Amino acid sequence: MVTAAAAKKTSRQAGTGEATAMKNTGLRGVTIADTKISDVDGTNGILIYRGYRIEDLAANSTFEETAYLLLNDALPTKEQLDSFSRGLVEARRLPGFVIDVLKQLSAQANPMDVLQASIPLLAMADPVLPVETREANLSKASRLIASVAAVVASWQRIRQGLDPLPSDDGLSHAANFLWQLSGVKPDPAIAKDFDTALVLHADHSFNASTFACREVVSTQAHMYAGVAAGVGALSGSLHGGANAQVMKMLAELQNEKDIAGWVRRQLDSGRKIMGMGHAVYKTTDPRAKFLKEMGRRLGEKLGQPQWYRLASQIEETAVAEFEKRGKTTIKPNVDFYSASVYHMMGIPHDLMTPVFAVSRIAGWTSHIIEEKFGDAQGNPSLYRPSSDYIGNYCGRTGCEYEPVAQRS
Ligand SMILES: CC(C)(COP(=O)(O)OP(=O)(O)OC[C@H]1O[C@@H](n2cnc3c(N)ncnc32)[C@H](O)[C@@H]1OP(=O)(O)O)[C@@H](O)C(=O)NCCC(=O)NCCS
């Protein structure tokens, strides 16, 4: 019989004679399900939520209305919107034991870890957790949308040794978040811009975190289990973590005179330029266009035009350099301009990714409901992709098991 150590040299080829190339497709181009929630047309730079163009929603809708649309497949009537918004306000207050747990955590904890850890705690406080009707899941979604914002804002206070602030029930979701985060009632125009940023980030079809949520609930796990997975997926620097990395880049390049040289050195050494490129968009992300203009406007209003200037300069130089290198499809994504927009709104850099979650929770919960109830696919199905085994292979009988004492 062949031992595993010997098999290492031959791998599966010993059994099949096949040469196997290592691969990780990242599921690019693989359509795994139907959805009615959102569509990303990467070639033409078009994003729609439930049929509506993102530009239209960003200009005319609010986060509350957009969340309702994502969850319910239709824009709400005035009564429906009022009732949905009231539900969000009522759910803003976090359970006392969640605050107590947050107070036990190290002030240095990564805010995305804090957010992820809080999700199962919120589950434990949800009276309809075990109920798996659509109505109960809509209620869980509403609680989660309110609670994710409350956890992020509360954590900012708690880590500074302060008590969380009570909600201002007269404020919108976006404005109240800024108030509970900073303790300052926001300028209505800034709150409106933040609301627009939340609309822009609310959904994006089968992105990594949404897929994580859907995959988890395809096992019939509850909504909170799916959302905890989504928060984990969003934390990575190739996904939601990119906005904080963009801000780090901008802060480091504030005094850089030779942006073109920096871009070249970055690419020559195989490093990425954060906030550029996208797995689906092969042209400028429509959300980035909106945020770019917002960044320009806010920079002028708040006396911080340097961020827009610097980001535009990096964009222009990097796109030209990518083109020279034959990469004509790498353009700014949503994180490229949201970073400086959030910075100017007073959002601490390490809270930029949690703020992404404050918005994306609307999309996650909508996708979870679609997954659970087979709204688009007809028949909910447990995700179970396959893989090619290219590890040790000693034939069908398996490698010879050596007792530990005999292994060298
Ligand atoms: C988002 C991202 C992972 C999508 O990548 P993708 O479509 O899967 O493409 P790949 O990562 O395979 O990149 C294709 C090529 O372009 C390069 N590339 C892509 N984005 C790049 C970037 N931002 N900076 C430098 N090179 C980049 C890759 O290195 C790769 O080069 P290679 O073919 O020579 O190996 C990628 O663009 C990236 O890492 N961007 C930076 C992180 C970011 O902003 N994430 C937020 C996404 S919303």
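In the predicted model, a nitrogen atom of the ligand lies 2.7 Å from a polar backbone atom of Met276, a polar contact being defined as a pair of N or O atoms within 3.5 Å, where, within protein, one atom must be able to donate a hydrogen and the other to accept it, and residues adjacent in sequence count only if both atoms are side-chain atoms. A nitrogen atom of the ligand is also found 3.1 Å from a backbone N or O atom of Leu238, and an oxygen atom of the ligand is 2.9 Å from an N or O atom in the side chain of Lys327. Of the 850 Å² of accessible area that the ligand has on its own, the protein covers 67%, with areas taken from the Shrake-Rupley method with a 1.4 Å probe and, for residues, with only the protein chains shown counting as cover. The ligand is surrounded by 20 residues, the closest being Arg28, Lys272, Ile273, Gly275 and Met276; a residue is counted here if one of its heavy atoms lies within 4 Å of the molecule. The space that the ligand takes is the largest pocket, a pocket being an open set of points, on a 1 Å grid over the protein atoms alone, with protein on both sides within 12 Å along at least five of seven lines, and a molecule being assigned to a pocket if more than half of its atoms lie within 2 Å of its grid points.

Because this is a predicted model, local features need pLDDT of at least 70 and side-chain atom pairs count only at pLDDT 80 or more, whereas totals for chains, interfaces and linings use all residues. Residues are numbered from 1 along each chain as its sequence is written, and side-chain values use heavy atoms, with hydrogens and water left out.

Side chains of opposite charge can pair when their charged atoms come close. With a salt bridge defined as a side-chain nitrogen of Lys or Arg within 4 Å of a carboxyl oxygen of Asp or Glu, the count comes to 24 salt bridges. One of these joins the side chains of Lys372 and Glu132, at 3.2 Å from N to O. This pair links distant parts of the chain, 240 residues apart, with Lys372 in helix H18 (residues 352-373) and Glu132 in the loop between helix H7 (111-124) and helix H8 (134-158); helices (H or I, at least four residues) are DSSP runs numbered from the N terminus. Lys372 counts as buried because its relative accessibility is 15%, while Glu132, at 33%, counts as partly exposed, the classes being buried under 20% relative accessible area, exposed over 50% and partly exposed in between (1.4 Å probe, protein chains only).

Asp195 is buried at 4% relative accessibility, whereas Lys192 is partly exposed at 35%. In a further salt bridge, the closest N and O atoms of Lys331 and Glu323 are 3.4 Å apart; Lys331 counts as buried at 17% relative accessibility, and Glu323 as partly exposed at 41%. Salt bridges that share partners also join Asp268, Glu321, Lys324 and Arg325 into one network.

Among the buried residues, Asn243 lies in helix H13 (residues 242-252) and has a relative accessible area of 0%. The side chain of Asn243 makes a polar contact of 3.1 Å with that of Thr353. Val151, placed in helix H8, is buried with a relative accessible area of 1%, and its C-alpha atom is 8.7 Å from that of Val98, 53 residues apart along the chain. Leu181 belongs to helix H9 (residues 173-182) and is buried at 6%; the C-alpha atoms of Leu181 and Asp258, 77 residues apart along the chain, are separated by 37 Å.

Terms used
Helices (H or I, at least four residues) and strands (E, at least two) are DSSP runs, numbered from the N terminus. On a 1 Å grid over the protein atoms alone, a cavity is a set of points where a 1.4 Å probe fits but cannot get out, and a pocket is an open set with protein on both sides within 12 Å along at least five of seven lines; lining residues have an atom within 4 Å of a point.
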